[in-house]
Amino acid sequence: MQKRNILIVGIADDVYGIAASTIIIKILRVLYFAKEPECYLLHTLFVQKSAIFIVVGLL
């Protein structure tokens, strides 16, 4: 691989790592640290935002 390609792969790895950390933190926040999970799951905006975040993450 060329140096440029190695740099691009490293940056992409950093971005995916940050995204994965964000998802894990959001899940832990909902389950353990904030209000009861039912409070979040009853709000459609939260569910829609989470679904969009997961779909974009899977791309």
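This note comments on the fold, surface and selected side chains of a predicted model.

1. Basis. Residue numbers start from 1 along each chain as its sequence is written, and side-chain values use heavy atoms, with hydrogens and water left out. In this predicted model, local features need pLDDT of at least 70 and side-chain atom pairs count only at pLDDT 80 or more, whereas totals for chains, interfaces and linings use all residues.

2. Fold. The chain has three helices and zero strands, in the order α-α-α from the N terminus. The radius of gyration is 16 Å, well over the 10 Å that the globule rule gives for 59 residues, so the chain is more spread out than a compact globule. The radius is taken over C-alpha atoms, and the rule is 2.2 Å times the number of residues to the power 0.38. Along the principal axes, the C-alpha atoms fill a box of roughly 50 × 20 × 10 Å. Helices (H or I, at least four residues) and strands (E, at least two) are DSSP runs, numbered from the N terminus.

3. Of the 59 residues, 7% count as buried, that is, under 20% relative accessible area; exposed means over 50%, and partly exposed lies in between (1.4 Å probe, protein chains only). The chain exposes about 5400 Å², of which carbon and sulfur atoms supply 72%.

4. Helix H1. Tyr32 is found in helix H1, residues 3–33, and counts as exposed because its relative accessibility is 61%. Arg29 also has its place in helix H1; at 43% relative accessibility, Arg29 counts as partly exposed. The C-alpha atoms of Arg29 and Val15, 14 residues apart along the chain, are separated by 21 Å.

5. Ring contact. The charged end of Lys26 sits over the ring of Phe53, 5.9 Å from its centre. The criterion is NZ of Lys or CZ of Arg within 6 Å of the ring centre and within 35 degrees of the ring normal.

Conventions. Areas by Shrake-Rupley, 256 points an atom, 1.4 Å probe, with all protein chains shown as cover.
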